[in-house]
Amino acid sequence: MRIGAHVDRQDPLAAAAERKAEVVQFFLSDPQAWVDPEERSDAAALKASDVDVFVHAPYRINVATTNNRIRIPSRKLLFTYATGAATVGAKGLIVHGGHVDKPDDIGKGIDNWRKTFVYAQENGGFATPVLIENTAGGDNACARRFDNLARLWDAIGEYNPGFCLDTCHAHAGGENLLGIVDRVKAITGRIDLIHANDSRDAFDSHRDRHDNIGNGQIDPDLIVAVIQAAGAPVVVETPGGAEGQGGDIAFLRDRVG
Ligand SMILES: [Zn+2]
């Protein structure tokens with residue numbers, strides 16, 4: 001099982017070495033802004049590296065929303081990000097499932113996801129596989145509760161999207177981690193990446209605050225069991241820099257076996 005961390009985009013390979021990570025995930029630009037991926041001087045090194053690379057899309061992206069002024073730039077930036085992610089040899093581009101604002105129908109959000117894949121296909125396809133991540137909050141979220149996730153996959157499954165399962169988001173979003181891998185795979189057929197995070201908040205709190213494994217409200221044994229069942233690469237998105245994340249990686253590596 002390959003295990004690593006979400007790191008600062010300044011020098012991901014150095015950050016990986018510091019943490020003894022076999023996987024790195026990072027942003028290609030300011031995650032809070034609407035800006036295209038930056039060109040990277042270490043692109044060839046990342047591509048050639050033994051470290052598996054994943055790229056996370058900016059937080060503002062919401063391809064599901066009915067708000068044109070967010071949906072259209074989201075769709076374009078996701079496509080541009082997939083192209084940028086390919087230059088660093090990324091195995092996947094992680095993007096949150098998104099949501100529609102009340103009282104909009106979730107069906108519209110799901111159809112907007114379908115249109116996102118249609119748009120990508122008309123432009124030659126995503127250059128990097130898109131992995132849709134479950135989220136912690138939002139009543140009208142596409143990938144928080146699995147009833148909506150099933151509707152989403154009915155609409156976009158033909159485009160072979162990937163899936164990223166975040167343990168903190170599932171717990172805070174109100175999906176029990178016990179047996180979750182089977183429940184996800186029954187819908188998506190796959191899990192491409194695990195975000196192994198503890199949660200500072202209670203089950204179904206809708207709050208998205210990650211914690212180091214064993215420090216929060218999730219039983220660490222459950223996180224280990226999810227990783228073992230999924231058999232997918234693992235990224236911790238936990239606090240504490242090299243020390244905190246390195247500790248989480250060492251703990252998981254020891255426990256997962
Ligand atoms: Zn995550």
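**Reading the barrel**

Mentor: Here a closed barrel of 8 strands runs 1-2-3-4-5-6-7-10, with parallel pairing. Strands (E, at least two residues) and helices (H or I, at least four) are DSSP runs, numbered from the N terminus, and two strands pair if DSSP finds at least two bridges between them. This is a predicted model, in which local features need pLDDT of at least 70, side-chain atom pairs count only at pLDDT 80 or more, and totals for chains, interfaces and linings use all residues. Residues are numbered from 1 along each chain as its sequence is written.

Trainee: Which strands are joined to strand 3, and by how many bridges?

Mentor: In general, strands of a sheet pair through backbone hydrogen bonds, either parallel or antiparallel. In this model, strand 2 (residues 23–26) runs parallel to strand 3 and is joined to it by 4 bridges, with Val23 partnering Asp52. Strand 3 and strand 4 also run parallel, with 3 bridges, and Val55 stands opposite Leu93 in strand 4.

Trainee: What does helix 3 touch?

Mentor: Helix 3 (residues 68–87) packs on the sheet, touching strand 3 (52–56), strand 4 and strand 5; contact means C-beta atoms, placed from the backbone, within 7 Å. Strand 3, helix 3 and strand 4 make a right-handed β-α-β unit: with the strands pointing away from the viewer, the path from the first strand over the helix to the second runs clockwise.

Trainee: Which residues touch the most other members of the largest nonpolar core?

Mentor: As a rule, in soluble globular proteins, nonpolar side chains tend to be buried together. Of the 68 residues in this core, Val24, Val55, Leu78, Tyr81, Leu93 and Ile194 touch the most other members. A nonpolar core is a set of buried Ala, Val, Leu, Ile, Met, Phe, Trp, Tyr and Cys residues joined through C-beta atoms within 7 Å. Helix 3 gives the most to this core, with 6 residues.

Definitions and conventions: Contact = placed C-beta atoms within 7 Å. Axes fitted to C-alpha atoms, helices over the stretch in contact; angles between N-to-C directions. Buried ≥ 20, exposed ≤ 12 C-beta atoms within 10 Å, placed from the backbone.
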